[in-house]
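Please have the sequence and the model in view while reading.

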Amino acid sequence: MIKEFCGRRAGLLLCACLAMAGLSGCAAYKEIDLTNGQETVSGREAGDIKRQNGGEAAQGESAGAPGDGIVTHSVTLEDERSAMAADGEAVADVSSLDSGITMANGFTEVDETVVITQDLVNVRAGCGTEYEVVTQLNRGDSVKRTGYSDGWSRILYKDRTCYVLSEFVMKAGASGPADGWAESVSAFENGEAAPARSIEAPAAFNGRIIAIDAGHQTKANPEKEPIGPGSSTMKAKVEAGGEGVSTGIPEYKLTLAVAFKVKRILEERGYQVVMIRESNDVNLSNAKRAEMANRSGASVLVRIHANSLDNATVHGTLSMCQTANNPYNGDLHSQSYSLSKKVTDSICAATGFKNRGVQETDTMSCINWSEIPVTHVEMGFMSNPEEDQKMAQDEYQELIAGGIANGIDAYFAE
Ligand SMILES: [Zn+2]
């Protein structure tokens, strides 16, 4: 379900209904990929999966039909409160941040290379889903982009001007949305100046997308959800998480700090990273986190956690995955096990932490809801004073993050 906060509410809801019925006659709002049955919402920013999380996405949208000379952008925000604040307002002019020139046809002119982020992306003759499909491009293909407008990118395909939905492209080497909008909004909200563009040569996209889920969040959510698709066994949506016995650091802060380091390292190696959360103040159930990863185009989901026990002497790294008999995704067991083992081994090699191996369990909602190979990493024990102290240090977080990245490398090298 997509909430709308603009004057087009009725029309957009209709579009959503049409789309659910398998129709694609509603230009610029929804495009159904009939090839694989995947449903996506168009017109939003590339690589941003928050909008696809089935109810928490919100869009603040201005008018700005092509031809009115105004480039408008949609803002994807994490909660309804902030979405309302952005209702219908242009929060910032991304074109000035992006050094682009807004032309009278509504397109911001650019000259850059973008990479396709999913398979079977339709390349159309015109800017709208009613136009003919010229060809389909696949994940990792790169094309020249000459402009973008609300939701659409204008590209050159064999010297022909064509259009793709911006959500399926990403600037070569970038980790965020293709037109930089989300990062500029977030800087704006933080009262910061517009971010400087990186001038470092970016690593070439290696064609692999990794979903990273930093465990927990500021507040636990004791509401219940099924432990797996169709299950009658219920479990809390998000548990509170642990706390450093010596440092007092909450697990949700530690996991996010390490997650950001993993993201940076993976991007340096050419991966594209989808962060399930980038702030602590979210409300994302474990099932929802898995669903976000499922829809992100990621090849694997890596969940980052830290362990706690009543026994303060227990220490070391372990990871979890499903059993081969898991009723929801047992077919992913061998891949998940391999990923788990390689990540655990690599963390221990990097940090010297005790290797506690891979545990197989079918009681974890986020594992059970995952449709891609998944590992749940417990970096170390926050209930062990020594390990708690180490994990709080930037240097150890770098080692752990590097270990996770090495494990991911090793998984794909197999
Ligand atoms: Zn945890």
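## Terms and model

Two residues are in contact if their C-beta atoms, placed from the backbone, lie within 7 Å. Helices (H or I, at least four residues) and strands (E, at least two) are DSSP runs, numbered from the N terminus.

This is a predicted model, in which local features need pLDDT of at least 70 and side-chain atom pairs count only at pLDDT 80 or more, while totals for chains, interfaces and linings use all residues. Residues are numbered from 1 along each chain as its sequence is written.

## The protein as a whole

The protein has 10 helices and 21 strands. Of its 414 residues, 50% are buried, where buried stands for 20 or more other C-beta atoms within 10 Å of a residue's own, exposed for 12 or fewer, and partly exposed for values in between, with C-beta atoms placed from the backbone. Among contacts with a separation of 6 or more, 70% link residues 24 or more positions apart.

## Helix H6

Helix H6 covers residues 286-295, and eight of its 10 residues are buried, so the helix is largely enclosed by the rest of the structure. These buried residues are Asn286, Ala287, Lys288, Arg289, Ala290, Glu291, Met292 and Ala293, and what covers them includes strands E14 (209-214), E15 (221-226), E16 (234-238) and E18, together with helix H8 (365-368). After H6 comes Gly297, whose phi is positive, near 85 degrees.

Why is strand E21 described as largely enclosed by the rest of the structure? Eight of the eight residues of E21 (residues 374-381) are buried, so the strand is largely enclosed in this way.

Two strands pair if DSSP finds at least two bridges between them. Strand E18 (residues 300-307) runs parallel to E21 and is joined to it by six bridges, one of which has His305 and Glu378 as partners. Strand E19 (residues 317-321) pairs with E21 in the antiparallel sense over three bridges, and here Met320 has His376 as its bridge partner.

## Nonpolar cores

A nonpolar core is a set of buried Ala, Val, Leu, Ile, Met, Phe, Trp, Tyr and Cys residues joined through C-beta atoms within 7 Å. The largest one holds 57 residues, of which Ile210, Ile212, Ala298, Leu301, Val302, Ile400 and Ile404 touch the most other members. Helix H10 (residues 394-413) gives the most to this core, with eight residues. A second, separate core has 21 residues, including Val115, Val143, Val164 and Met170.
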